Amino acid sequence: MNTRFLNISIVHIIIILFFLFVHLTPTRFTFLNWNVFLSLLPFDFALIVSYTKSRSVKILFASFWLLFFPNTMYMMTDFIHLYAIGTSLDQATQYFNYAVLATGIFIGVGLGILSLEIITSSVFQQHMHLVYWSVTAIVSVLSAIGIYLGRYLRLNSWDVFTDIAGVMRNIVLSMSYHMVTFVILFAGAQFALLVIFHYGIRLIQTSRIDA
């Protein structure tokens, strides 16, 4: 069996098992299935960009990837739902729900990290540090704006297709100190996370070559 196909299959199987677990168990956080699904889309879009030979298809799905990428990092804010169970962790139901929530968040963010790695490696054949840092910084800022629009204005990625004028109007009207502060902090958090994992992955790859 092709190694790439096996790896992709394992990722999707684990996510499907997570969907079934959340659906079949008495957890407060059933919304995680939808959020994880939205996080899976940019991962799959990135795979299409990586495997297709068509330039037009690459551009199309790279655009879809950028549009849906904020859904992955958005899940960092899902810890807000801990208010529903409390944070003392002194009851079995709290352990259970906390573990389910954390698992969903880590899966979503992990898919985002992987999708960016796939995109950058397929678009930039040779690793150029300055280019990678620049692209990651831009993506982090755009993603932070998307997170803000999703968390506070309750907008969705597909609103760009159904009501682009409304999206632009909401962005203009929401410009404030609160938004700017949020975007700076979450862009910084994403940038740090993405860069650490990127160079960590490269370190592992380099170690294997040296061995």
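**Exercise 1. How much space lies in the largest pocket, and what lines that pocket?**

Keep in mind that you're working with a predicted model.

*Step 1.* Start with the space: the largest pocket holds about 990 Å³.

*Step 2.* Two or more lining residues come from each of α1 (3-24), α2 (32-51), α5 (92-123), α6 (129-151) and α9 (177-210). The largest share belongs to α5, with 10 residues.

*Step 3.* Sort the lining by class, and you get 18 nonpolar, 11 polar and 3 charged residues.

**Exercise 2. Trp-34 and Trp-158 form an aromatic pair: what kind of pair is it, and which parts of the chain does it tie together?**

*Step 1.* What do you need to describe such a pair? You need the distance of the ring centres and the angle of the planes.

*Step 2.* For Trp-34 and Trp-158, the centres are 5.9 Å apart and the planes make an angle of 70°. Planes over 60 degrees apart count as edge-to-face, so this pair is edge-to-face.

*Step 3.* Trp-34 sits in helix α2 and Trp-158 in the loop between α6 and α7, so the pair joins parts that are 124 residues apart in sequence.

*Step 4.* Trp-34 has a relative accessible area of 46%, so it is partly exposed. Trp-158 comes out at 30%, which also makes it partly exposed.

**Exercise 3. Are Tyr-148 and Phe-182, another aromatic pair, buried or exposed, and how are their rings arranged?**

*Step 1.* Take the rings. Their centres lie 5.4 Å apart with the planes at 65°, so Tyr-148 and Phe-182 are edge-to-face.

*Step 2.* Now the helices: Tyr-148 belongs to α6 and Phe-182 to α9, so this pair ties together parts 34 residues apart in sequence.

*Step 3.* Zoom out to the whole structure, where a search finds 17 aromatic pairs. There's also an aromatic cluster made up of Phe-45, Phe-61, Phe-64, Phe-68 and Phe-161.

**Exercise 4. How many salt bridges does the structure hold, and which side chains meet there?**

*Step 1.* Recall the idea: side chains of opposite charge can pair when their charged atoms come close.

*Step 2.* Count: the structure holds 1 salt bridge. Arg-151 and Asp-78 are the partners, at 3.0 Å from N to O.

*Step 3.* Locate the two. Arg-151 is in helix α6 and Asp-78 in the loop between α4 and α5, so the bridge links parts of the chain that are distant, 73 residues apart.

*Step 4.* Are they buried or exposed? Buried means under 20% relative accessible area. Arg-151 is at 14%, so it counts as buried, and Asp-78 is buried too, at 1%.

Terms used:
Residues numbered from 1 in each chain as written. Predicted model: local features only at pLDDT ≥ 70, side-chain atom pairs only at ≥ 80, totals over all residues. Heavy atoms only, no water. 1 Å grid on protein atoms, 1.4 Å probe; cavity = no way out; pocket = protein on both sides within 12 Å on 5 of 7 lines; lining within 4 Å. Points joined across faces, edges and corners; volume = space filled by probe spheres on them. Helix = DSSP H or I, 4+ residues; strand = E, 2+ residues; numbered from the N terminus. Nonpolar A, V, L, I, M, F, W, Y, C, P; charged D, E, K, R; others polar. Phe/Tyr/Trp six-rings, centres within 6.5 Å; stacked < 30°, edge-to-face > 60°. Buried < 20%, exposed > 50% of the residue type's maximum accessible area, 1.4 Å probe, protein only. Salt bridge = Lys/Arg side-chain N within 4 Å of Asp/Glu carboxyl O.
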